[in-house]
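Student: Please take one part of this structure and walk me through it closely. Then go on to the side chains that pair up elsewhere.

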Amino acid sequence: MRHSGPHGNALREAIAAAGTTPLIGVHDMYSASLAAAHYDGMFVSGFGFAGSYYGLPDIGFIAWPDMLAFVERLRWAFPRHHLLVDIDDGYGDPAVACHVARRLEALGASGVILEDQKRPRRCGHVAGKQILPLEEYLDKLEQVLACRTDLVVVARTDATDEAEILVRAKALAATDADVVLVDGVRDTDAIRRIRSAIGDKPLLFNQIAGGRSPRLSLPELAELGVDVAIYSTPCLFAAHQAMDRALTELRAAEGRLPAGDSGDRVGVAESVELLSRNLHTASR
């Protein structure tokens with residue numbers, strides 16, 4: 001298939017470069033504004049979006065028009081960043097998955113991740129996941145691959161049985177998918193086995209705090225043959241902790257705000273300066 005658009009090819013080039021390409025999970029425009037200052041790529045995490053936009057766990061509540069609207073805002077504000085989007089199971093049958101993929105590509109998404117779970121779905125790092133029969137998933141994946149032009153497609157399996165993981169990883173690598181993801185990998189030996197099973201196909205690793213997978217640095221991942229790493233929740237979990245601490249302190253102080261001139265606190269000026277960068281970047 002010929003790829004002609006700018007965003008997908010830019011992500012492909014980053015994945016093909018030496019080392020492991022990091023993509024940072026963002027859950028709203030504020031977290032994206034901070035992430036954009038530190039990294040060249042973002043991951044639109046289903047876990048983060050479900051929590052931020054709906055206040056619900058990542059078990060299948062996301063409506064695809066809401067995700068499209070978020071990606072449209074991201075691309076407007078960050079025209080040169082990689083945007084990899086989690087579309088779960090494609091939000092339904094293959095026709096819906098293809099429609100969503102085409103719409104995301106038209107909005108400027110760099111790529112999507114399509115999983116083999118069946119509903120009710122779960123976060124890839126929690127118990128209770130159920131997966132589609134392999135042929136049913138491959139049919140959906142092939143239809144999405146056939147409808148894209150430039151979009152990077154990551155084929156993801158949520159299999160947990162070791163033998164089934166390798167069977168599915170090999171099957172996914174044999175398709176025209178750009179990248180393979182096995183979610184919830186438990187140790188480095190499993191990463192090595194998957195790397196061997198998929199041959200030269202690029203491999204993606206998902207890091208999530210408190211998840212099932214080991215905490216590994218980018219150099220460690222590169223040594224294991226991982227081409228791209230997504231960090232689903234660093235912004236979300238950091239915001240959770242910081243907001244809870246700030247509100248605890250505010251309650252303890254009986255409603256008196258902390259001094260704003262200590263140099264280590266964000267105030268109006270810092271916030272406006274951060275957000276103004278988006279206005280200037282998007283207008284260029």
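Tutor: Start with Asp139, which is partly exposed at a relative accessible area of 42% (buried is under 20%, exposed over 50%, partly exposed in between; 1.4 Å probe, protein chains only). This is a predicted model, where local features need pLDDT of at least 70, side-chain atom pairs count only at pLDDT 80 or more, and totals for chains, interfaces and linings use all residues. Residues are numbered from 1 along each chain as its sequence is written, and side-chain values use heavy atoms, without hydrogens or water.

Asp139 sits in helix α6, residues 134-147 (helices are DSSP runs of H or I, at least four residues; strands are E runs, at least two). Asp139 also belongs to a negative surface patch.

Now the salt bridges (a side-chain nitrogen of Lys or Arg within 4 Å of a carboxyl oxygen of Asp or Glu). The whole structure holds 11 of them.

Take Arg156 and Glu115. Their closest N and O atoms are 3.4 Å apart. Arg156 is in strand β5 (residues 152-157) and Glu115 is in strand β4 (residues 111-115). The two are 41 residues apart, and the pair links distant parts of the chain. Both Arg156 and Glu115 are buried.

Asp178 and Arg148 form another salt bridge, at 2.8 Å from N to O. Asp178 lies in the loop between α7 (162-173) and β6 (179-182), and Arg148 lies in the loop between α6 and β5. The pair therefore ties together parts that are 30 residues apart in sequence. Asp178 counts as buried because its relative accessible area is 15%. Arg148 is buried too, at 5%.

Some pairs stay within one helix. Glu164 bridges to Arg168, with the closest N and O atoms 2.6 Å apart. They are four residues apart in helix α7, so about one helical turn separates them. Glu164 is partly exposed at 27%, whereas Arg168 is buried at 4%. Shared partners also join salt bridges into one network: Arg12, Arg148, Asp150 and Asp178.

Next, the aromatic rings of Phe, Tyr and Trp (its six-membered ring). They pair if their centres lie within 6.5 Å; planes under 30 degrees apart are stacked, over 60 edge-to-face, and the rest tilted. The rule gives five aromatic pairs. Phe47 and Phe237 have ring centres 5.9 Å apart and planes at 85°, so this pair is edge-to-face. Phe47 lies in helix α3 (residues 46-54) and Phe237 in helix α10 (residues 234-252). The pair therefore ties together parts that are 190 residues apart in sequence. Phe47 is partly exposed at 27% relative accessibility. Phe237 is partly exposed as well, at 29%.

Phe49 and Tyr54 make another edge-to-face pair, with 6.0 Å between centres and 90° between planes. Phe49 is buried at 1%, whereas Tyr54 is partly exposed at 25%. Ring pairs also link Phe49 and Tyr54 with Tyr53 and Phe70 in a cluster.

Definitions and conventions: Patches are made of residues with over 30% relative accessible area and no salt bridge: like charges are joined within 9 Å, nonpolar side chains (Val, Leu, Ile, Met, Phe, Trp, Tyr) within 5 Å. Accessible areas come from the Shrake-Rupley method with a 1.4 Å probe; for residues, only the protein chains shown count as cover. Lys and Arg count as positive and Asp and Glu as negative; His and the chain ends are not counted. The place of a charge is taken as NZ of Lys, CZ of Arg, CG of Asp or CD of Glu.
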